[in-house]
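I opened my notebook and went through this model one item at a time. Here is what I looked up.

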Amino acid sequence: MKPSILRQKTFAFAVKIVRLVQRLQSEKKEFVMSHQLLKCGTSVGANDSEAEFAQSKDDFISKLSISLKEANESKFFLELLHATDYIENDEFRDLASDCGEIKAMLISSLRTVKTSINKKVY
């Protein structure tokens with residue numbers, strides 16, 4: 001099966017987050033916020049990946065919803081790191097843009113699956 005665009009984007013985002021965190025910890029000695037960002041930034045893709053083999057539509061919705069929440073948390077920590085001068089403007093804009101695209105795709109996917117569930121006649 002060909003990987004989805006969402007899967008590719010969440011994986012690329014996770015790679016960028018890992019590299020950012022490595023740099024923040026080694027160069028700026030920032031460990032608390034960067035650790036939180038590492039957890040939520042990589043969880044976005046991990047939960048999207050779990051959704052691929054969801055046991056039911058409800059499980060699928062749950063995994064994508066968690067992924068969306070983790071993306072939102074990632075945006076918060078990116079904003080906080082930027083506001084406290086740990087991340088430069090260009091890098092912040094790049095990561096925030098990636099995060100926004102992922103959130104929009106997750107919202108669209110969730111709307112689609114929820115609509116398909118509501119249209120079913122039992």
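I began with exposure: buried means under 20% relative accessible area, exposed means over 50%, and partly exposed lies in between (1.4 Å probe, protein chains only). Asp 85 has a relative accessible area of 61%, so I noted Asp 85 as exposed. The model is predicted, so local features need pLDDT of at least 70, side-chain atom pairs count only at pLDDT 80 or more, and totals for chains, interfaces and linings use all residues. Residues are numbered from 1 along each chain as its sequence is written, and side-chain values use heavy atoms, with hydrogens and water left out.

I placed Asp 85 in the loop between α3 and α4. Helices here are DSSP runs (H or I, at least four residues), numbered from the N terminus. Phi of Asp 85 is near 65 degrees, which is positive although the residue is not glycine. Most residues other than glycine have a negative phi.

Next I checked Lys 29, in the loop between α1 (5–27) and α2. Its phi is also positive, near 55 degrees. Is Lys 29 buried or exposed? Lys 29 counts as exposed because its relative accessibility is 56%.

**Helix pair.** I turned to α2 (residues 32–51) and α3 (residues 57–83). They pack at an angle of about 155 degrees, and their axes are 8 Å apart. Axes are lines fitted to C-alpha atoms, for helices over the stretch in contact, and angles run from 0 to 180 degrees between N-to-C directions. So α2 is roughly antiparallel to α3 (under 35 degrees is roughly parallel, over 145 roughly antiparallel, 65 to 115 roughly perpendicular, the rest oblique). By class, I listed 13 nonpolar, 6 polar and 5 charged residues in the contact of α2 with α3. Asp, Glu, Lys and Arg count as charged; Ala, Val, Leu, Ile, Met, Phe, Trp, Tyr, Cys and Pro as nonpolar; the others, Gly among them, as polar.

**Core.** A nonpolar core is a set of buried Ala, Val, Leu, Ile, Met, Phe, Trp, Tyr and Cys residues joined through side-chain atoms within 4.5 Å. Which members of the largest core touch the most others? Of its 26 residues, they are Phe 13, Ile 17, Leu 20, Leu 37 and Leu 78. Helices α1, α2, α3 and α4 each supply at least two residues. The largest share, 8 residues, is from α4.

I then looked up Ile 17. Leaving out residues up to four places away in sequence, Ile 17 touches Leu 37, Leu 38, Gly 41, Leu 78 and Leu 95 (contact means heavy atoms within 4.5 Å).
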